[in-house]
Amino acid sequence: MRDNNLMPIVDEPVGIYEDPLDLMDEIDRLKKAKDATILAHYYVDGEIQDVADFTGDSLQLARDAARVETSTIVFSGVHFMAETAKMLNPSKTVLLPDLQAGCSLSDSCPADQLAAYQKKLREEGRDFQTVAYINTSAAVKSLCDWIVTSGNAREVVEERVPKDKEILFVPDQHLGRYLVEVTGREMILWPGSCMVHEVFSLQDLIRAKKSTPGSVVIAHPECPQNILEVADFIGGTERMKQYCASIQEPTKFLVATEANMIYPLENAAPQHEFIPVPGIMTDTGETCACNRCPHMARNTLAKVRDCLKRGKPEIEWQPYFDKAREVVTRSLLQ
Ligand code: SF4
C-alpha cells in the first residue's frame, strides 16, 4: 500500500518577484476560464485565503469539497486534505499547488506501521476500534473505523464508538490525551505529534501572559498537555473563531496554533488583538511568530496560479480511496 503522504521537504529555487495583486487578478481570471473552485485552509497565507471561494478548517473544507460543482478543485492546504477532497468528490479534478506539501503529523503514522500494530493487537486478543484524526493519509484512513477532526472528536468518541470496544487513537498523542481527559474513555495512543504545535514552550507562554495583562490564551488541542493546562479556551480553528467573535469587549488573545490563523481571527473579530504564541519577545513587548507550518507555507499565490494554468499537480485516485471514503463519509458527513 503506497503512502502518498510521505514526501521529503526540499529547498526550492527562489523565483522571480511577481506582484501579489497581479497574481490575484490572474488567478481570478483562470478560475473562471478553467471552471475551478479554490479551497484554502486557515493556515495558508492570508492573500491565498482572499482569492479562495471557501476557507475553513479540515472538517469545513471536507464538507465544502463534497459540494463543489465546478469541474476542478484547487486545494490550497496539504496533501491529506486534497486526498480527502478527491475521495469525497471523485469526478472532479483535484489539484494541489505543491505535491510536497505534506504534514508531519500524518507522516508520524505510516499505513504499513499502523497495519502491523493493529495486527499485533488483534493477535493479543484486544477488541478495539481505530479512531483517526483527519490529519492522516488516505491509506491510513482506509484502515480505520472512524475519522475525527478537532471539531467533532469528542462527539464521535462519546456517542459513536461502542462502549464495549477499546479505542486505538492515531496519530496525535496530544489530541488523544485531551480526549481521554474530556470523555473519560481510556485509549491506546499512537505516539505522533505535529511539529508546529509541539514547539510551543510553556515558558514563552507564561512570559507572554505576564507581559500582556488581562490576556486570554486560546489553544488548539494538538498542543502538548502543559500548554493546554494554562489555556483559557481549547478548541479547533473553527471553534476558536466562533469563541472570539462571541466576545464583544475588546480583548488581547494569545493564540497557540499556526500563526496564519491570526488572519481569519482578525477578520471574524476585528475588535480584538491577536498575538501569536510563542513569540520572541522584544523589550517593547512585541512578538514575532515562529510557529509557521512549513508544509502549509509551500502554498503560494504563484503556485496556485501555475496549477490552474497547467492542470497539475493532480491527486490521482488510488484503490484504497474507496474504503477511506466510506469511513470519512460515515464519520464526517452523516
Ligand atoms: S500545522 Fe501540523 S498538523 Fe497542520 S499541516 Fe502543518 S504539520 Fe500538519
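Helices (H or I, at least four residues) and strands (E, at least two) are DSSP runs, numbered from the N terminus. Residues are numbered from 1 along each chain as its sequence is written. The model is predicted: local features need pLDDT of at least 70, side-chain atom pairs count only at pLDDT 80 or more, and totals for chains, interfaces and linings use all residues.

**Helix H15**

Helix H15 spans residues 301-310. Just after H15, Gly311 has a positive phi of about 70°. Buried residues of H15 are Leu301, Lys303, Val304, Arg305, Cys307 and Leu308. Buried here means that 20 or more other C-beta atoms, placed from the backbone, lie within 10 Å of a residue's own. Their cover includes the elements below.

| Element | Residues |
|---|---|
| Helix H1 | 20-33 |
| Strand E1 | 36-41 |
| Helix H2 | 46-51 |
| Strand E3 | 72-76 |
| Strand E4 | 93-95 |

Contact, for this cover, means C-beta atoms, placed from the backbone, within 7 Å.

**The ligand shell**

The ligand is surrounded by 13 residues. A residue counts if its C-beta atom, placed from the backbone, lies within 6 Å of the molecule. The closest are Cys103, Leu105, Cys194, Val196 and Cys293. Helix H5 (104-107) and helix H10 (195-198) each supply at least two residues of this shell.

**H3 against H4**

Helix H3 covers residues 58-67 and helix H4 residues 79-88. They pack at an angle of about 35°, with axes 8 Å apart. Axes are lines fitted to C-alpha atoms over the stretch in contact, and angles run from 0 to 180 degrees between N-to-C directions. Ser58, Leu61, Ala62, Ala65 and Ala66 in H3 meet Met81, Thr84, Ala85 and Leu88 in H4.

Definitions and conventions: Two residues are in contact if their C-beta atoms, placed from the backbone, lie within 7 Å. A residue is buried if 20 or more other C-beta atoms lie within 10 Å of its own, exposed if 12 or fewer, and partly exposed in between; C-beta atoms are placed from the backbone.
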